[in-house]
Amino acid sequence: MKKIVKHFIIMLLAIFLASQASGSPLAEKDILSNNMVLLHAERKALPIVTIVMAVRAGSVVEPSDKAGLAYLTAALLSEGTQKRTSRQISEAIEFVGGSLSASAGADYTTISLSVLKKDIDLGFDLLSDILMNPAFNEEELKRKKRITRNWLIQQNEEPGALASIAFSKAVFGEHPYARQVQGTIESLDLISRQDIIDFHASFFAPNNAIMSVVGDISRDELKALLDRHLGQWEEKNIPSIPLPGIRAKNNPTVIKTNKDLTQSNIIIGHLGISRDNPDYYAVSVMNYILGGGGFASRLMDNIRDNKGLAYDVHSFFSASRFSGSFQAGLQTKNESANAAIDEVLREMERIKAEPVSDRELQDAKSYLTGSFPLRIDSNSKIAGFALAVEFNSLGMDYVDKYPSLINAVTQEDILRVAKKYLDTKNYVLVVIGNLEKAKLKY
C-alpha cells in the first residue's frame with residue numbers, strides 16, 4: 001500500500017511539474033565571445049539567483065603522482081584572492097545571506113554561488129575574484145592539506161569507504177577514476193603551491209568552462225554582469241592530457257580484508273558504461289529492477305525480505321564521461337557473507353536469462369519517468385542539472401526527451417543489456433569483515 005501511495009504522489013507531482021516545464025528548453029544556451037558556454041533560465045518566482053559553473057579541471061587531468069591536486073586547487077579558490085583574505089570572502093557572502101563554494105570531482109571542478117537578486121553584483125564580483133585571482137596562500141595550503149590528511153585517516157578506518165576505494169582501484173586500474181579525488185596522504189606531500197598555480201593557469205579558462213545561471217535575472221542583466229566581472233577572462237590553449245585505457249577483467253578478482261567487525265561489507269561488480277553509451281536508458285531500467293529500485297528491486301526482495309540476510313542491498317551503474325562501473329553492495333553478518341554473495345550473483349544471472357515481467361517493466365518506467373521532475377524542482381537543481389546536461393551533450397530539450405527514451409525500453413532490451421553489461425564470472429569482489437567467521441569460499 002505504501003508503495004502504491006508513493007508512486008501516486010510521485011505521479012501527481014510529475015504531472016504538476018511537467019505541466020510547468022514541458023515544451024520549453026531547460027535553459028537558453030549561448031557561446032560567448034571568449035568561448036565560454038553560458039546556460040540561462042529566467043525564473044522569477046523567488047528573488048534569488050543561482051550559478052553553477054563547471055571547469056574541466058577535475059582529477060582526471062592531474063598527474064597520478066600528485067593525486068589531490070585538483071581537489072586542493074578547488075578547495076583554495078575561496079580561501080583568499082589578490083585583494084581579499086579568506087575571512088573577507090566568507091564575511092562578505094555571509095553578510096548577504098548567500099553561499100559561495102568550490103569543489104573538485106573526477107571530471108570537473110564546480111563553483112557554486114547563490115544570492116538574493118539585490119546582491120547579485122556582489123555575488124558576481126566574489127565569483128570572478130576567486131575564479132580569476134586566487135592567491136593560493138601557502139599557509140592556507142598547509143591548513144587544507146592538514147584537514148585533508150585527517151579526513152583520509154578517518155576514511156581508512158571506515159569499512160564502507162575502504163571497500164569502495166579498493167573496488168575502484170581494482171576496476172579502473174591505472175585510469176584516474178581509480179583514485180580518490182582527495183588524493184592520498186603520500187601524494188598530498190608532493191603537491192607544492194607552484195603545482196597549484198600551474199594547474200589553475202593551465203585549466204581555468206572560459207573556453208574550458210560552462211556557466212549555468214538560473215533565477216530572477218534577465219538575459220540583459222546577466223550579459224551586463226558578465227561583461228563587468230568576467231569581460232577580462234581570456235581564452236587560452238588547454239593542455240591535452242592522454243588518459244590510460246580501461247580494460248575489463250577477464251578473471252575474477254577477490255580482495256579480502258580482515259577486520260573485527262560484526263558485519264561484512266561487501267561490494268561486487270565490474271566495469272560499467274560511460275554516460276554517452278546509447279544503452280544508458282535500457283541499463284537504467286534494468287538496474288532499477290535488479291537492485292536500484294529500493295524495496296521494489298529483486299535484490300531487496302530476495303536478500304532482505306525473503307532470506308533476511310541484509311537490512312539493505314542495492315545496485316547501481318555509475319556512468320561518468322570516460323567510463324563507469326556497476327556495483328552491488330550490502331552488509332551482512334560475517335557468517336552469511338557467502339550466502340549473500342551467492343544470491344547477488346544468482347539475481348544477476350536470472351535477469352540475464354529470463355525476460356522481466358510486464359509489471360516489473362511498467363513499474364520501473366513509471367518510477368523513473370515519474371520521479372524525474374523532482375531532479376529539477378528548485379533553481380539550484382535546475383542550474384546543476386542543466387550544467388550536467390550540457391557537459392554530457394544531451395541537449396537542452398532533454399527534459400522532454402527523457403520520458404520517451406525510458407518508455408521506449410522493451411523486455412528484449414532489458415535482456416540484451418543484462419547479458420551485455422552484467423558479468424557473473426569476471427567480477428571484482430571486495431569483502432571487509434571478520435574473515436575467520438565469514439569462511440569465504442570466493
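A polar contact is a pair of N or O atoms within 3.5 Å; within protein, one must be able to donate a hydrogen and the other to accept it, and residues adjacent in sequence count only if both atoms are side-chain atoms. This is a predicted model, in which local features need pLDDT of at least 70 and side-chain atom pairs count only at pLDDT 80 or more, while totals for chains, interfaces and linings use all residues. Residues are numbered from 1 along each chain as its sequence is written, and side-chain values use heavy atoms, without hydrogens or water.

Select Asn137 to begin. One of its side-chain oxygens comes within 2.8 Å of the backbone nitrogen of Glu139, at the start of helix 5. Helices are DSSP runs of H or I, at least four residues, numbered from the N terminus.

Next, select residues 138–155. This is helix 5, whose 18 residues reach 26 Å from first C-alpha to last. Its buried residues (under 20% relative accessible area, 1.4 Å probe, protein chains only) include Leu141, Lys144 and Leu152. Down the axis, the buried residues fall within an arc of 135° (directions from the axis to the C-beta atoms), so they line one face of the helix. On the other side, Glu139 and Gln154 are exposed, that is, over 50%.

Then move to Leu26, Val285, Ile351 and Leu422, which touch the most other members of the largest nonpolar core, a set of 68 residues. Such a core joins buried Ala, Val, Leu, Ile, Met, Phe, Trp, Tyr and Cys residues through side-chain atoms within 4.5 Å. Helix 10 (residues 280–292) gives the most to this core, with nine residues.

Terms used:
Helices (H or I, at least four residues) and strands (E, at least two) are DSSP runs, numbered from the N terminus. The expected span of a helix is 1.5 Å times one less than its number of residues.
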